[in-house]
Amino acid sequence: MNALTASAAIASGRVLLANVRQRSLVEAKVRALVVAGFILFFGFAALARIAQLGFFEGSPERRSRAEALLPPRGEITDRNGVPLARAFPAYALWYNPKAFGENGTPLVKSPEEVAKALVAIFPDADYNDLLRRLKSDKPSYLRQRVMPEDANRIFALGEPALEFPRENQRYYPQGSLGAHVLGYVDSEGHGHVGMEQVLEKQLLDPARRGKPVALSIDMRAQGALEDELGRGMLETEAKGAAGIVLDVDTGEIVALASLPSFNPNRSDQALNNLVFNKVTNQVYELGSTFKPLSIAAAIDAGVVTDLSVRYPSDKPLAIGGFHIRDSHSFGASLNVPEALIHSSNIVTAQVADKLGGPGLKKTMAALGMNERPYIELPARGFPLWPRGTNKNGDWARITTMTVSYGHGIAVTPLHLAAAYAAMVNGGIWRPATLFKREPTQIPEGRRVYKASTSARMRQLLRMIVVDGTGKSANASGYRVGGKTGSAEKPGGKGGYNRTSLVATFAAAFPMDKPRYVVIAMLDEPKGTAATSYQRTAAWNAAPIVGRVVPRIGPFLGVVPDDTRDIDISDLSPLVGNGDGE
């Protein structure tokens, strides 16, 4: 090879090398541009998403951190801070029939075996209901609150169709205690019946749900009231019971019980008729508990000025075609204190007749007997208020007489409690409440009775317990005063059922300076060995109050003192010992 040829070959190699280097450089630039393009695209996408969250959805980080410190639903407590309702994360038991696919068998064992195993874990569960659900092809909750140890036992059954989703649940630490006050929360998270329904917006509001809501209820008093009402139901085989403890000066409800009750932790059970509240929603003819209210109206109006005046009582009182009778004869005549002690319909009717229909009607209306009870609960019964006979709405003479002793008018036990509070607290009626009230929040109320009338009625109510139908409520050292009421329930064709009674005792204590009203009512009690085979309130409702008061008095600030009492020395000479309802 000559020099010229060699030079040409070298030049050709250099050219090829330069071309390769150039192509490589171009490819590198293209790849860099592609990578840069991807980076810019994802960068712009990220910036756009951040801008969207910032301008349109707010800051999820700030929102979640703030709400993470709050319960999903606000807490409810009693007046002393005892938790009554709170939210907490828990397991639920869910049945998934598609656990093995569309065509697979949902359970490893038979539905009967699984249902039996679940009942062994949850003794309160309904076997037939579980079996029905396990045989169904529809997914459903088998239980909504499952403790971790129970979840482990269910997991050990080896059934993939039994799942355990974690959910926020509403929990009631006191169980069924105060159920009719609280209500319950359903599986969708909505409150029903009680304060859960009333407070729904507040309990879910992020701005307010962090602060517990304090009710007026004292769970110690609530427990005592429910316990003694339940005992009374068992002793008398009654179909139901109701009771209330009310602060006479503030209107705060310290305890409210309707039996039989329900467990708000089991919302599936809460959907039956047990949620019906006998204290605020059911109206009753409460019988002779109305007599003190009527006598107080007559004293207040100046119709009764001399308590020694006697009224004939040995014969039924004939009004038109009606006859007003007493349970048995109390003698030829009775004065007002004796009429209350013996619970005379005849004498009370004569006093009401002297007062007149307009006077008695005005007092009953001032006590709120003609409208739904004042309480925050959604279930509030409307009274059966007697109709008037003319354009002014005046009551007929017989209506005035029967209303005076609690017939022909039907109200809730809460109506009665508020009326008794007004009668003993100096004469001021105030609306009841389930919220804890500070001293500055107590409503002014309205005057119904003069202070002097209230003072006289405290004496008379105390005498009924000392010498009359309320003897079994005479808790030592607590100066209880009150009145029995045993009313036949309305029957068919406008009459009354003589075999069905509503037995009530309305009381207050201590009568020298009243603090609390206590109402105990039994629905259709029977005469049993525990009540000496008697069905009237003197034998069944009054003893309940006699047991409740010593249990609740000390922690409500009423210390028993046998050296104190209300002075009834000016009335004692007017009466002898007696018994009645």
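## Helix α15 and the largest cavity

Helix α15 (residues 413–424) gives the most to the lining of the largest cavity, namely 3 residues. Helices (H or I, at least four residues) and strands (E, at least two) are DSSP runs, numbered from the N terminus. This is a predicted model, where local features need pLDDT of at least 70, side-chain atom pairs count only at pLDDT 80 or more, and totals for chains, interfaces and linings use all residues. Residues are numbered from 1 along each chain as its sequence is written, and side-chain values use heavy atoms, with hydrogens and water left out.

The largest cavity holds about 60 Å³ of space. Its lining includes Leu 367, Pro 373, Tyr 374, His 415 and Trp 429. By type, the lining has 7 nonpolar residues, 2 polar and no charged. Ala, Val, Leu, Ile, Met, Phe, Trp, Tyr, Cys and Pro count as nonpolar, Asp, Glu, Lys and Arg as charged, and the others, Gly among them, as polar.

## How cavities are found

The whole structure has 2 cavities of 30 Å³ or more. A cavity is a set of points on a 1 Å grid over the protein atoms alone where a 1.4 Å probe fits but cannot get out; lining residues have an atom within 4 Å of a point. Points join across faces, edges and corners, and a volume is the space filled by probe spheres set on them.

## The second largest cavity

About 40 Å³ lies in the second largest cavity. Among its lining residues are Asp 247, Ala 418, Asn 425, Trp 429 and Arg 430. Two or more residues each come from β9 (240–247), α15 and β15 (428–429). Helix α15 gives the largest share, 3 residues. This lining divides into 7 nonpolar, 2 polar and 2 charged residues.

Notes
1 Å grid on protein atoms, 1.4 Å probe; cavity = no way out; pocket = protein on both sides within 12 Å on 5 of 7 lines; lining within 4 Å.
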